[in-house]
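My notes follow in the order in which I checked them.

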Amino acid sequence: MRATLRLSVALATLLAVTPALAQDPRLGPAQTPAMVEDASWRVAAPENLLLIETTKGRILVELLPEAAPLHVDRLRLLARMGLYDGLPWHRVIDGFMSQTGDPLGTGDGQSPYPDLVAEFTFRRGPDLPFTAVAAPAGALVGYVHSLPVQTQPDAVMAGTSDGKVHVWGLYCPGVAGMARGEDPDTANSQFFIMRQPYPPLDKRYTIWGMTLEGLEVVRALKPGTDASGIVTEPDRMLSVRVVADLPEGQRPVVRVMRAASPEFGAMVAQTRSERGADFSVCDLTLPVQVLDPPPPPPPPPAG
């Protein structure tokens, strides 16, 4: 049976407004795109993909070791030891975020490992791909891989000791961050995924990933009924796996449109025109293609 292809809503919009791309035979309605890298698309590394199966559906998150290497290592470790399997989305606030990762399921638990040092910002040099989409007040806003970020301009690199500049992720919808206590260095195992943008979190909570598929699942998770967001009879994570750990025949293959591509540039221009002075990088979504492996063949008939 043929593998299925899922296209993001953003890509569907792009096809509608960019006829040249719609005519690309790789994207025709009866075609399956070649899931390879080219000038406009990159393939997400399986080691940097987290597959979260929930009671509401699947979420695929791209891990971003450039932004938070300590936290990405922790997420991989906990996923590989099965700590996240079966845990509830214990705190969910509609219009804000969905939180999970507590072994106790109450918001008070953590893994057996030490707390992590905060990674609120990181350093960007000429070797780290960055694409700007706006330049507010002398800064730059754009993308490092799939992550929306703000950064100092490249010109500042010449005056720094390491030839790099500060950059930090922006809490747009789908961005994944680490929960913590009052002390900045208390993130451990609990994490959250944004349902909507919330700039007050920027540079205050470590960002470790970006949702490539399943934002609608994040938003469908059962919310709490009071201001605390604690959920009664919550939805759960059924399993959490690093895609690289799955057998090759069971791995989804994920392509992400490059932010520097002309096609995405056209989306930026259209969104900027529509939004005017209200334009934000959080209004944008990088198109994603997910190719699922074919289902296993049915068992032979008995007898």
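I began with the aromatic side chains, where ring pairs link Tyr84, Trp89, Phe191 and Trp208 into a cluster. I took rings of Phe, Tyr and Trp (its six-membered ring) as paired if their centres lie within 6.5 Å, with planes under 30 degrees apart counted as stacked, over 60 as edge-to-face and the rest as tilted.

Before going on I noted that this is a predicted model, in which local features need pLDDT of at least 70 and side-chain atom pairs count only at pLDDT 80 or more, while totals for chains, interfaces and linings use all residues. Residues are numbered from 1 along each chain as its sequence is written, and side-chain values use heavy atoms, with hydrogens and water left out.

By the ring rule I counted seven aromatic pairs. Helices (H or I, at least four residues) and strands (E, at least two) are DSSP runs, numbered from the N terminus. Trp89 and Phe191 are both buried, which here means under 20% relative accessible area, against over 50% for exposed and in between for partly exposed (1.4 Å probe, protein chains only).

I then looked at Phe192 and Tyr205, an edge-to-face pair at 6.2 Å centre to centre with 75° between the planes. Phe192 lies in strand β13 and Tyr205 in the loop between β13 and β14 (207-213), so the pair ties together parts 13 residues apart in sequence. Both Phe192 and Tyr205 are buried. Arg180 lies over the face of Tyr205, at 4.3 Å from the ring centre; the rule asks for NZ of Lys or CZ of Arg within 6 Å of the ring centre and within 35 degrees of the ring normal.

Which cysteines are joined by a disulfide? I found Cys172 joined to Cys282, S to S 1.9 Å, where the cut-off for the two sulfur atoms is 2.5 Å. The link of Cys172 and Cys282 is left-handed, with -80° about the S-S bond. Cys172 counts as buried at 3% relative accessibility, whereas Cys282, at 21%, counts as partly exposed.
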